[in-house]
Amino acid sequence: MMSAILLIAIPLLAAFLSILSKKVAPVLLLLVGAANIVLLMFIPSEIINIGGFALPFGINLFLDSYARIALYLVNGLFFIVTLLNVAEYKKLSSILLVALAALNGLLLTGDLFNLFVFLEIAGIAAYLITSTNRKPLSTFNYLVIGTVGSSLYLFGLMILYGMFGTLNLMDMIHEIQTAGVAYGALILPFFLMFIGLGIEAKLLPFNAWVKGILKHSNTLSGPMIASVYAAAISLMFGRLISNLFQFEGKLLTVVVVLLIAGVILGEAMAFASKKGREILLFSSISQACITVLLFVNGIIIWAVYLVIANALSKLVLYLVVNKAAKDLGSDDVDDLQGLFAKNILVGIAFTVAALSVLGLPLFVGFVVKLNYLTQLAVASQFVVIGLILVASIVEGIYFVKLLVKLWYPSEKTINVKFNLPYKAVFAVVTLLIVLFGTYSDPLDSLDNGIDTIQDQIGVIYNG
Amino acid sequence: MIQYAAILLMMIGLYGLLTNRNVIKIIVSLNILEIGLNIFIISIGFVYDGIAPILTSTNNSSALIFVDPLPQALVLTAIVIGVGTTALGLAFVKNIYSKYNTLEIDEVEEV
């Protein structure tokens, strides 16, 4: 019988085995990465009580449509990024396997302390992955800020444990709904947990680590942190925001103001930047804030689609810029001028990904943006819509400027060679972005009901 | 009362993190913060007049008042993770020193 626990156990076991043979480790990494995706097709949606202890006494894993979408996305992107980099970063195979186990655990676990453990394991793997940037102080900063973030999350969680006597997510939600505790008493633990997870999710003002890490990223660390980790953390964070936190009153106001500030400042910083990776990292910060903003407003399905669209686009953008930065030794936009003159296919993929992030018609980003703005309008969030549109204009200016620079050749010819696997990945992602941008019916078939935690709580506690 | 002491320790750790510019001192501050948090977790399970949650020949009734064992189990995990993070942090400190010949952040031109 296939069980979701295999998605965590197999990479973890493979990580231990990979230490025994350095030659086998990269093969094991690719095999496990591919096996996880195949395995996911055969695992039924269910709650798995580990050790047979019924909820809320044991740790449980929870696989529903939401977790399944998240797992397909994270495992698929993880496999692509490792496939492109495994030859160059063989030494990191064991660490990447641990990272895969931790990311799958983050998306599956139904226990809030277990989530802290997976957060720390994923964090430790991320610190080691980013150590390949060869900027030890930036990695050290990331470690310190990440550890403070998870400590704050744990602090908030322990306050909740002191109040409700449970660590299980569903049991905690049920206790909060039925115990009749005033929302005021929950503000401190919720805010501590929000800050803790906000650090990992790159939310302003808790994202001081992002610049040092992504500015010096390479073809492994850039897409891994900005695409794979960002998608996993955003989707896990979204689950907690939609089901556990349910912000209201003054806390809602504070959170929305922080997120809107993140959107505007992220775009402004990207606009002011002259370096390729800096532009992308500030754009990522802004997009992360928009995603969380949608989860806070209860627009779950379009937030999930936004995470997927961004993860795919950022994969292409970071791969192109990091490969060019590696070959040319600089990511200054002026130094990258004319990059696409001899790489037309790569240029088309980069342009499609950038325009999709921007939200232009024909690309999936447009469908997502149109729908979440409509949903925000239904919720009468007109100020938020206005500010997002202003941010989009700024985003449009700097992306178009960047594209013009990269397409038009300068007197100095630059030569960056993208090999076939890179081009294949770019082609597939570009096709997906255009396909779902022009044919959006499959996207409309799903709704907020993909997240079934509240339904499960109803079944477990009310029969 | 012990919870106030734990929160004070966490605040001292946070203050150290914000004011120190030496990477070793930052690691020490991080550990003070974690120790404060661990004491806080333990304090959550404290029950006045409670005994250790172990059934023995003399303490063999469920009517006895035991302290909550769960936070003790949780804090063990938190300590192990803290040690791992500290070890990794120190490895990065060694890298910083090897590359820049200093432990002072202000003397490193990286960020």
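Colleague: Where is the place of B:Ala63 in chain B?
Modeller: This is a predicted model. In chain B, helix 3 covers residues 69-100. B:Ala63 has its place in the loop between helix 2 and helix 3 of chain B.

Colleague: How many Å apart in space are B:Ala63 and B:Tyr97?
Modeller: In sequence, B:Ala63 and B:Tyr97 are 34 residues apart. From C-alpha to C-alpha, the separation in space is 58 Å.

Colleague: Which residue of chain B has a positive phi without being a glycine, and is that residue buried or exposed?
Modeller: Most residues other than glycine have a negative phi. B:Asp49 is not a glycine, yet its phi is near 70 degrees. B:Asp49 sits in the loop between helix 2 and helix 3 of chain B. With 7 C-beta neighbours inside 10 Å, B:Asp49 counts as exposed.

Colleague: Why is chain B described as more spread out than a compact globule?
Modeller: The elements of chain B run α-α-α from the N terminus on. The C-alpha trace of chain B spans about 65 × 25 × 15 Å along its principal axes. For 111 residues the globule rule gives 13 Å, and chain B is more spread out than a compact globule because its radius of gyration is well over that, at 19 Å.

Colleague: What percentage of the residues of chain B count as buried?
Modeller: Burial requires 20 or more other C-beta atoms within 10 Å. Of the 111 residues of chain B, the share that counts as buried is 26%.

Colleague: Are helix 1 and helix 2 of chain B roughly parallel or roughly antiparallel?
Modeller: The axes of helix 1 (residues 2-19) and helix 2 (residues 23-44) of chain B come within 7 Å and cross at roughly 160 degrees. That crossing makes helix 1 of chain B and helix 2 of chain B roughly antiparallel.

Colleague: What is the handedness of the crossing of helix 1 and helix 2 of chain B, and how many nonpolar residues does their contact have?
Modeller: The crossing of helix 1 and helix 2 of chain B is left-handed. By class, their contact has 6 polar residues, 1 charged residue and, for the nonpolar class, 17.

Colleague: Which helix of chain A gives the most to the side that touches chain B?
Modeller: The contact between the chains takes 23 residues from chain A and 27 residues from chain B. On the side of chain A, helix 5 (112-130) and helix 6 (136-164) each supply at least two residues. By class, this side has 14 nonpolar, 7 polar and 2 charged residues. The most, 16 residues, comes from helix 6 of chain A.

Colleague: Where does A:Arg134 lie in chain A?
Modeller: A:Arg134 is not a glycine, yet has a positive phi of about 60 degrees. With 13 C-beta neighbours inside 10 Å, A:Arg134 counts as partly exposed. A:Arg134 lies in the loop between helix 5 and helix 6 of chain A.

Colleague: Is the peptide bond from A:Leu55 to A:Pro56 cis or trans?
Modeller: Most peptide bonds are trans. A:Pro56 has its place in the loop between strand 1 (46-49) and strand 2 (60-63) of chain A. With omega near 5 degrees, the peptide bond from A:Leu55 to A:Pro56 is cis.

How values were computed:
Residues are numbered from 1 along each chain as its sequence is written. Chains are lettered from A and ligands numbered from 1 in the order in which they are written. This is a predicted model: local features need pLDDT of at least 70, side-chain atom pairs count only at pLDDT 80 or more; totals for chains, interfaces and linings use all residues. Axes are lines fitted to C-alpha atoms, for helices over the stretch in contact, and angles run from 0 to 180 degrees between N-to-C directions. Helices (H or I, at least four residues) and strands (E, at least two) are DSSP runs, numbered from the N terminus. Angles under 35 degrees count as roughly parallel, over 145 as roughly antiparallel, 65 to 115 as roughly perpendicular and the rest as oblique. A crossing is left-handed if the near helix is turned anticlockwise from the far one by less than a right angle, and right-handed if clockwise. Ala, Val, Leu, Ile, Met, Phe, Trp, Tyr, Cys and Pro count as nonpolar, Asp, Glu, Lys and Arg as charged, and the others, Gly among them, as polar. Two residues are in contact if their C-beta atoms, placed from the backbone, lie within 7 Å. The radius of gyration is taken over C-alpha atoms; the globule rule is 2.2 Å times the number of residues to the power 0.38. A residue is buried if 20 or more other C-beta atoms lie within 10 Å of its own, exposed if 12 or fewer, and partly exposed in between; C-beta atoms are placed from the backbone.
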